[in-house]
There are 2 protein chains.
Amino acid sequence: MSAVSAYRGKEDIRTVAMIGCGLIGGMWAAYFLHCGLDVRAWDPAPDGERQLAGFVDSGLHDLEAVGSSSRPRGRLIWCSSIEEAVAGADYVQENAPEKVPLKQSLLAGIDAALPADVVIGSSTSSFPASLLQAQCGSPERVIVAHPFNPPHLVPLVELVGGERGAPVAIDAAYGFFESIGKVPVRIAREAVGHLANRMSAALWREAVNIVAEGIASVEDVDRAIRHGPGLRWAVEGPHMLYHLGGGEGGLEAYLEHLGPAQEARWATLGTPLLDAETKRKLIEGMRAEVAGRSMSELKWRRDRLLIGILRLLADDEAAK
Amino acid sequence: MSAVSAYRGKEDIRTVAMIGCGLIGGMWAAYFLHCGLDVRAWDPAPDGERQLAGFVDSGLHDLEAVGSSSRPRGRLIWCSSIEEAVAGADYVQENAPEKVPLKQSLLAGIDAALPADVVIGSSTSSFPASLLQAQCGSPERVIVAHPFNPPHLVPLVELVGGERGAPVAIDAAYGFFESIGKVPVRIAREAVGHLANRMSAALWREAVNIVAEGIASVEDVDRAIRHGPGLRWAVEGPHMLYHLGGGEGGLEAYLEHLGPAQEARWATLGTPLLDAETKRKLIEGMRAEVAGRSMSELKWRRDRLLIGILRLLADDEAAK
């Protein structure tokens, strides 16, 4: 094992290999193509190529609605093996199903086939980088690069190197994702669920508790968030929200005056389990909220509104 | 005590009394005026009238940016006593500082001065309705009507009657708030922080934990939310987010396949305390995130983007 001093980054990456082209890999592929990168794709599914074409079409359509790219669209190349896909790749994104042995063996194979200065990112939402690196000859260039669903629209990419990932490999990935309009975030210590899914889980735990305890319905919990704090979380994070809740003194004043009240509130939060009765309440409540709308109708609404918000935020940024 | 069979609601409410006109009361006043309601306002502060005028100007300016009202703007009447303010009011909103004895005594005074069919809503973010009703002769019409900051822009209004609040009083308030474009949510059981602040507290607790444990910085936590799940929470609540995370099978499939993984993730969430070291990390991290921007600059950015998102959501609703 020999770490390299610099990895291929934003200046050098022209071709990305996608290993695993389900929903996540497919939407990643659309994003990279939209940014002018060539994509070499592989997936073991019998109809993988056709399925990928569908994801890419749909993703590119959404991305054109967000805004046109300054670079001509990249080429999509379907490959019949992992070796063929990674040949000539300057960056690799792995999106296999969430199974440790499968990912470990795939990543080891990818690692063995690649030049030493190519970073390999895993889309895993569950596993620490250290676990995924276990069978790799060059673990220092195998990192977590986790998107938030839907990956072609949501800008966040969480980067984790774990104990063995090289800081320069994270640097290279950070610069690359930033250069193509994503928002990379560097995670200093491995934690289950990285950042966004930990916080999402914390919010949902209390949302489940509220339903389990009969405080409010599934639908009313969802309405309270999307017509309430959810609007603010789209424009500022939770720490900034409390900073602006502290008056002129900001977060410091908030902690001073309302810190004890917040600790008292934390002590009342629930720790529900997903037992049969709670699951029943959640499923029945969701049925009422869905009110007959199809899954594709719900996703279409979500993506249409996400596109609108992304355009708004981009316009606001551009007007600075 | 004699409960009435119906309270003044959307058809009857022309004049609102605002008791307490700080930031919350002032922004409530702007909203009611924008919707064509007359507002009779009282606040004990020596410069209360001038301060209110400032809040109302600023709030009306924001509200015009969201969209013009179909009704001519209401009249703002400054009153020199509570009795004068509530005289002729069809609905009362109380926004005194968060102190139980103060609110109890104010609410008892308002209650004693009003006809029996006028609902009294408290903006309290901390206290259960039952506690606030304690000294009132007609506790059944004293309810919590809690907005989320900033109250003129965020549509959510949480309604809680507690054990003594009359369901018909909640009905009347629900219909009234809905008729003026707010999103009322009915809370079946009293809970500290109602709904939105409980869930906001749950999210923030893990956000604090992530900083305390050195997993990521204050700024990166905020970036992860606003460029990640925060975008989704502006268009769908946490339950719907997991419904769309379950594939074609929705929430039921999610609970079946990923419920155990979610429970395992919940078990790893932190329970930090706001001790001196954690406060120091939060304050230093916030200083880095703020990067010299003033409080008014941060609020201006927040409100500008909130206005944009509200317009977008309203246009989308109108296009249906």
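Helices are DSSP runs of H or I with at least four residues and strands are runs of E with at least two, both numbered from the N terminus. Counted that way, chain A comes to 13 helices and 8 strands. The model is a predicted one, so local features need pLDDT of at least 70 and side-chain atom pairs pLDDT 80 or more, while totals for chains, interfaces and linings use all residues. Residues are numbered from 1 along each chain as its sequence is written, and chains are lettered from A and ligands numbered from 1 in the order in which they are written.

As for overall build, the C-alpha trace of chain A spans about 55 × 50 × 45 Å along its principal axes. Of its 320 residues, 51% count as buried (20 or more other C-beta atoms within 10 Å of a residue's own, with C-beta atoms placed from the backbone).

Where the two meet, 10 residues of domain 1 are in contact with 8 residues of domain 2, contact being C-beta atoms, placed from the backbone, within 7 Å. On the domain 1 side, α2 (48-66) and β7 (156-160) of chain A are the elements giving two or more residues, and α2(A) gives the most, with 3 residues.

Then there is the partner chain: the contact takes 88 residues from chain B and 88 residues from chain A. On the chain B side, helix α7 (residues 196-212) of chain B brings the largest share, 12 residues.

How values were computed: Buried ≥ 20, exposed ≤ 12 C-beta atoms within 10 Å, placed from the backbone.
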